[in-house]
Amino acid sequence: MNRFFTLRGRVAVVATLAGLLSTTAVGSSLFAQSFSASDDPEMITLTARDVDASNQKAGAAFSALVTMWSGEFKRLGVRFAAPHLVRYRGGVRTNCGVMAPSNASYCWNSNTIYFDDVFVATQAKLAARALGTDGDMTAIGIIAHEMGHAVAMQLGYRSRRSYDNEAVADCLAGAFARQAQKDGSIEDGDIDEAFFGMASAGDPTPEFTGDRRRDARLARLVARSSHGTREQRVQNFKNGLEGGGASCLEELR
């Protein structure tokens, strides 16, 4: 099993960073393919200020997540070991291997959440353009999803099926949004942004070839790496939003 629990996305970005104008193609998919700008119609302008603002919100969300889950664990009589939060750009070597660009992952070997900050800021910008909002909950949802992996693993949950692990993490991200609703920190449009992010990160439909051996290998790859379709991911998040952590893991009841 992959040592990373990941949330991957596909996007082409026109990024302006550190005052220098540059065109950066940023992309990944379930099958770790790369895509050029012409492969994806989504093109946006991302500035250094956008990335800084996204990082600030990611940090604030991370603190809120730690507070929430520490309280839940205390209620259960156990201690929550808060993960580290590390941002990066491009590939980075970690205790779980090489972390690819345009990604976010939880590495349990070091109890660390890694996220490509340009990628995360881009997801917020895409949501903002699509929904006419600030898009921040799409980025926050990425961090909440990775935190969900940490929560599940510390409570002893780990499945052999990739989809099971990812469904729980999506659900626990929804539970965080539920808590944010209760404490009044949710803004207008935030839930729509969260659903947008989940739908955008749904698995692509595999293209089977008709060759039994090749298709069997592809099916095994999908089973190992599946995060769920857009409909599944939205529903799993909704389960947590409506039912809280208890609807995601029996251990939280």
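Reader: At what angle do the axes of helix H5 and helix H7 cross?
Author: Roughly 140°. This is a predicted model. In it, the axes of H5 (residues 190-200) and H7 (residues 230-243) come within 8 Å.

Reader: Is the crossing of H5 and H7 right-handed or left-handed?
Author: The crossing is right-handed.

Reader: Which residues in H5 and H7 meet?
Author: From H5, Ile 191, Ala 194, Phe 195, Met 198 and Ala 199. They meet Arg 230, Arg 233, Val 234, Phe 237, Lys 238 and Leu 241 in H7.

Reader: And by class, how many nonpolar, polar and charged residues does that contact of H5 with H7 have?
Author: Eight are nonpolar and three are charged. None is polar.

Reader: Staying with H7, how far does H7 reach from its first C-alpha to its last?
Author: H7 reaches 20 Å with 14 residues. That is close to the 20 Å expected at 1.5 Å a residue.

Reader: Which residues of H7 are buried?
Author: Arg 233, Asn 236, Phe 237, Gly 240 and Leu 241. They lie on the same side of H7, because they cover an arc of only 140° around the axis.

Reader: What does the face of H7 turned away from its buried side carry?
Author: Glu 231 and Glu 242, both exposed.

Reader: What follows H7?
Author: Gly 244, with a positive phi near 75°. Glu 250 also lies in the segment after H7.

Reader: Is Glu 250 buried or exposed?
Author: Glu 250 is exposed, with a relative accessible area of 63%. Its C-alpha is 9.7 Å from that of Tyr 157, which is 93 residues apart from Glu 250 along the chain.

Reader: Back to H5. Which residues in H5 are buried?
Author: Asp 190, Ile 191, Glu 193, Ala 194, Gly 197, Met 198 and Ala 199.

Reader: What covers the buried residues of H5?
Author: The cover includes H2, helix H3 (136-154), helix H4 (162-183) and H7.

Reader: Since H2 came up, where does Phe 119 lie?
Author: Phe 119 lies in H2, which spans residues 117-131. Phe 119 is buried, at 2% relative accessible area. In space, Phe 119 is 6.7 Å from Asn 103, C-alpha to C-alpha, and the two are 16 residues apart in sequence.

Reader: New topic, H1. How many residues has H1, and how far does H1 reach?
Author: H1 covers residues 48-76, so to speak a run of 29 residues. From its first C-alpha to its last, H1 reaches 42 Å, close to the 42 Å expected at 1.5 Å a residue.

Reader: Which residues of H1 are buried?
Author: Val 51, Ser 54, Asn 55, Ala 58, Ala 61, Phe 62, Leu 65, Val 66, Met 68, Trp 69 and Phe 73. Just after H1 comes Gly 77, with a positive phi of about 85°.

Reader: Where is Phe 80?
Author: Phe 80 sits in the loop between H1 and strand E5 (84-88). Phe 80 counts as buried, at 6% relative accessibility.

Reader: What does Phe 80 touch, not counting residues up to four places away in sequence?
Author: Phe 80 touches Val 66, Trp 69, Ser 70, Phe 73, Met 147, Val 151 and Gln 154. Take Trp 69: the C-alpha atoms of Phe 80 and Trp 69 are separated by 6.9 Å, and the two residues are eleven apart along the chain.

Reader: Last, the whole chain. How many helices and strands are there?
Author: Seven helices and nine strands. Of the 253 residues in the chain, 48% are buried.

Reader: What share of the contacts with a separation of 6 or more comes from residues 24 or more positions apart?
Author: They account for 72%.

Notes. Residues are numbered from 1 along each chain as its sequence is written. This is a predicted model: local features need pLDDT of at least 70, side-chain atom pairs count only at pLDDT 80 or more; totals for chains, interfaces and linings use all residues. Side-chain values use heavy atoms; hydrogens and water are left out. Axes are lines fitted to C-alpha atoms, for helices over the stretch in contact, and angles run from 0 to 180 degrees between N-to-C directions. Helices (H or I, at least four residues) and strands (E, at least two) are DSSP runs, numbered from the N terminus. A crossing is left-handed if the near helix is turned anticlockwise from the far one by less than a right angle, and right-handed if clockwise. Contact means heavy atoms within 4.5 Å. Ala, Val, Leu, Ile, Met, Phe, Trp, Tyr, Cys and Pro count as nonpolar, Asp, Glu, Lys and Arg as charged, and the others, Gly among them, as polar. The expected span of a helix is 1.5 Å times one less than its number of residues. Buried means under 20% relative accessible area, exposed over 50%, partly exposed in between (1.4 Å probe, protein chains only). The arc is that of the directions from the helix axis to the C-beta atoms.
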